[in-house]
Amino acid sequence: MSAAHPDDLALAQQIAAGDEAAAATFFTNHGGELFGFARKMLSDASAAEDVLQEAMLGVLRSISKYDGRVSLRAWAFAILRHKVVDQIRKQGRDMLVSTTDPELENYDNSGSWNANQSIEPWDEQAELLDIVRYCMEQLPHNQREALHLRAIEGMPAQEVAEVLEMSYSNLRQTLHRGRQSVRRCTDQHMGEDS
Amino acid sequence: MSEPLMPSCQNVSDALSDYLEGYLSDRSRISLEQHLEMCPLCLVYMDHFRQIYHVTGKPEPEQLPEDFTDVMGKVIRAWRDEQDSGNQPDAD
């Protein structure tokens, strides 16, 4: 089977052969986005730095196993994600995985909005970005990590699904539920501010 | 499976990510847009959702830890030491 990412496979082979400069180039190119993800998921810069360090070592230790099936970047994200999950478990924080649809209660049996449902346009002057970022932090872990990974520049949805070890259709569902939850939370906070 | 001629409000809500990603078939997209033209509540919901879709999808500026270069150097040295000593713990 030929590798889908031959350049990444060549880079991985270089690193595996002990090329420290190649390893440094890879980490310098992707360290910022890896750290950003850890920071978002852990909400603690110091813990995120520790996890990044562990993930970089994890990447180097297993680099000879990289097969080029996904990009080296996505592969490194998958290792980082495992470290993040381990850290969250150590901290004793709940790994809340939500697959429910909280929007269901908005509709009647025919799928139309409930009679008492009201949705108002948002104030264009409101600080939408700040409210949305706050609301993203309130999401269940699985929706939060999916949305953060999907926002990483140039990472295709298929690769995000690989990193999260879920099917592509499950990822789409998770992203959609996450966006719905953020919308609902944002709507509530917009209401408070107006 | 045949699609309904006019989706319900709930169908519209459920399809908005696929709509914005461009994944809907022409037939489903046209049905959804026809519903939006006739349903003011769904139109406002769609406007909210579109904003959320764009804001949550926006890459944030990257920032490295201040001592990243030092840390990276330490990590690479530790890995080389493990290799030299033939003692390589499991990655995970």
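Modeller: Helices are DSSP runs (H or I, at least four residues), numbered from the N terminus. This is a predicted model: local features need pLDDT of at least 70, side-chain atom pairs count only at pLDDT 80 or more, and totals for chains, interfaces and linings use all residues. Residues are numbered from 1 along each chain as its sequence is written, with chains lettered from A and ligands numbered from 1 in the order in which they are written.

Colleague: Which residues are buried in H4(A)?

Modeller: Among them are A:Trp75, A:Phe77, A:Ile79 and A:Arg81. Buried means 20 or more other C-beta atoms within 10 Å, exposed 12 or fewer, and partly exposed in between, with C-beta atoms placed from the backbone.

Colleague: And what covers the buried residues of H4(A)?

Modeller: The cover includes H1, H2, H3, H6 and H7 of chain A.

Colleague: What follows H4(A)?

Modeller: A:Gly92, with a positive phi near 75°.

Colleague: Changing topic, which residue has a positive phi although it is not a glycine?

Modeller: A:Glu165, at about 55°. A:Glu165 lies in the loop between H7 and H8 (168–193) of chain A.

Colleague: Is A:Glu165 buried or exposed?

Modeller: A:Glu165 is exposed, because 10 other C-beta atoms lie within 10 Å.

Methods: Helices (H or I, at least four residues) and strands (E, at least two) are DSSP runs, numbered from the N terminus. Two residues are in contact if their C-beta atoms, placed from the backbone, lie within 7 Å.
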